[in-house]
Amino acid sequence: MISKKICLLGASAVGKTSLTRRFVEGEFSDRYLTTIGVKIVKKELTVDGVEARLILWDVSGEDDYAELRMSYLRGASGYLLVVDPTRKETMAKALDLDGRVREALGDVPRLLLMNKADLREDWRVEAPDAISERVVETSAKTGAGVEEAFNKLAQEMLKSA
Amino acid sequence: MTSSDDLERLRKLLLTPEQERIEAIDQRLEDRERRVSDVVEALPEAVDRDDPRTARAFTPLIERGLRESVRKNPQVVVDVIYPILGPMIRKAVASAVRGMVESFNRVTEQSFTARGLKWRWQAFRTGRPVAEIAMEESLVYRVEQVFLIHRETGILLEAAAQEETARDEDLMSGMLTAIQDFVRDSFSVERTQELDRLEVGDFQVWIERGPRAVLAAVIRGAAPRRVRAVINDALGDIHADYGEELSAFSGDPEPFEATQPRLQACLEQELLPRAQKTPLIVWFGAAALIGLLGYWAVNRWQDRSEWRAYLAALEEEPGIVVVESGRRDGRRTATLLADPLARDPSDLLRISEVAADIELDVRHYLSLESEIAAMRARQEAEALKGKIEAIRIDFASGESEFAGEQDAVLAAAATWLATLKDQAAQSRLRWSARVVGSTDEVGDEQTNQTLRQERADAVRARLVRFGAPPELTSEAAATDQGRQVRIEVALEPDPAGGGE
């Protein structure tokens, strides 16, 4: 079975851990627990008839106090940038991260996740039109778009491999 | 002339540029400064061309230069190589010290003789079976699991384990990589400083890194440094055999399944050597000693219990009283009071099994115990019987009256009969006495018969008068036994047992 490492990146409290939990365990909790360092989970899935094992590196969110450890990204075959559109600054953070990560990893498959789709009326920011095909709206709370996002990324990674 | 002028002109015309260049070259060759700057310009390029000859040419030069430099001022070289050597030496010393401490710990642990007791105590404390603790404790070390991890991605390539484990090897592999990254980012100044050992409870994780893959071994116990070499060798082999697969790795661990035997070989373990075998002779000696001790103890115990049984039997015996008992000079002693009618104490001894030397001090006394009293009464009764039966009352021929001087004897006989009755009662005997009259053969039988009866009656009457018990009977003898009367006494055990 093919194993692929993918990273979840974004500002703190955008819902990276909630997304992985929703994806891997099908659960959601309102409780916020900050991730320190990195949390690694595994999910096996079948994409286009190919069985694959995703090793998800849920890296602690970058904020004023903690900078992203680039070494965690090493060897990743793709990554997800997570944005909380109810907080405008998280979009800027995601785009900033994207630039740095691409420098380190090269042109690997990546998606921008507009999380908290269940709170659409509170959104303060929209994704830039230029990258609209790389954007998926998700909700860790309802589960909407989560499977699709991971599947889409896996599909692209397997294709590029 | 003209021709030579022409020739000169032609030469100038043709060769002037060359001439000038030759002059320029000459000038350049003359100019030392110029030549130096030419070499400076060309040299890096020449070295860069990586011609084997260059290296060959430079090697002696560099060696000589280095030697010269060290001779003149070693500090320069020291300064240069210190950043490389320093950490290496530190690492080597640290690992040597750690190895020493580990082996020292193991030695002290092994030479601890009360180990069994410790296990028992631990088992008691933790409620786990002793065998489990013994197993754990007697394990010097065991490589429980080995992970072959792709260095760049942290993805597990292959794993081997002593036994099936529930832990998720993919996640462990990822986490181990993340931890290494974290440590390197957080603590190391240089790339050469890496995390190569983790300790978690009873477990250690030893990490060996190659350029493309990492081998992590989960170890329980104190493994010797040699194990690291084993792991390192395996990693080296894997790099040599799977170099291309490792650099081309894009998520498919299948090609690395073949490394399984190599990983299995890393799963080493060592058990504590069993306690040194005690020579057989010591076992025999110990067994013999224990046997002897046991024999002696059992003997002594038996001896004592037999002695006690003997004393108890003596106490039980009618007419015997144990006054005191003890030991003197290894002999058992007892002081007894014994009625002459009682059984001989040494008879009892023969029945009993007392083997030890015994000294009995027997003193006679008269017992009033009922058995002895009865025995004595019986004895006396028997004596009286003899005395009474010895009496003969003589009669004159044809007479049924006896001479008056025989009254003294009859009085005594009467007293004896009364006493006999008392004694019989005491000794639970049934008694009976009859006065038997007899005649000589002279005269006819009819007359004689009557005479016999009359004589007996007369004696009985006199006896009763003198105080003999009235149960006394009288009768005629069946045959002629002389002109006399005698008294027959019968004593027989009373089956009813009733005394009075």
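**View 1. Helices against the sheet of chain A.** In this predicted model, helix α1(A) lies across β1, β2, β3, β4 (78–83) and β5 of chain A, and its direction makes an angle of about 40° with β2(A). Helix α3 of chain A, which covers residues 146–160, also packs on the sheet, where it touches β1, β2, β3, β4, β5 and β6 of chain A. The direction of α3 makes about 75° with that of β2(A).

**View 2. The order of the strands in chain A.** The six strands of this open sheet follow one another in the order β2-β3-β1-β4-β5-β6 (chain A), and their pairing is mixed. Because β2 and β6 of chain A each have a single partner strand, they stand at the edges, and one side of each is left without a neighbour in the sheet. From one strand to the next, the twist averages 25°. As background for reading this view, strands of a sheet pair through backbone hydrogen bonds, and they may do so in a parallel or an antiparallel way. The strands β5(A) and β6(A) run parallel and are joined by three bridges; A:Leu112 has A:Val135, in β6(A), as its bridge partner.

**View 3. Two loop residues of chain A with positive phi.** A:Ala13 is found in the loop between β1 and α1 (16–25) of chain A, and although A:Ala13 is not a glycine, its phi is positive, at about 65°. A:Lys116 belongs to the loop between β5 (110–114) and β6 (135–137) of chain A, and this residue, also other than glycine, has a positive phi near 65°. Is each of these residues buried, or partly exposed? A:Ala13 counts as partly exposed because it has 16 C-beta neighbours inside 10 Å, whereas A:Lys116, with 24 such neighbours inside 10 Å, counts as buried.

**View 4. Where chain A touches chain B.** At this contact, 18 residues of chain A meet 18 residues of chain B. On the side of chain A that touches chain B, the elements giving two or more residues are β1 (2–10), β2 (38–47) and β3 (50–59) of chain A. Of these, β1(A) gives the most, with four residues. Sorted by class, this side of chain A has seven nonpolar, five polar and six charged residues.

**View 5. Helix α13 of chain B and its surroundings.** After α13(B) comes B:Arg428, which has a positive phi near 50°.

View 6. B:Trp416 is part of helix α13 of chain B, which covers residues 407–426. Why does B:Trp416 count as buried? The reason is that 21 other C-beta atoms lie within 10 Å, and a residue is called buried when that number is 20 or more. Leaving aside residues up to four places away in sequence, B:Trp416 touches B:Leu384, B:Lys387 and B:Ile388. Although B:Trp416 and B:Leu384 are 32 residues apart along the chain, their C-alpha atoms are separated by 6.3 Å.

Definitions and conventions
Residues numbered from 1 in each chain as written. Chains lettered and ligands numbered in written order. Predicted model: local features only at pLDDT ≥ 70, side-chain atom pairs only at ≥ 80, totals over all residues. Buried ≥ 20, exposed ≤ 12 C-beta atoms within 10 Å, placed from the backbone. Contact = placed C-beta atoms within 7 Å. Nonpolar A, V, L, I, M, F, W, Y, C, P; charged D, E, K, R; others polar. Pairing = 2+ DSSP bridges. Axes fitted to C-alpha atoms, helices over the stretch in contact; angles between N-to-C directions.
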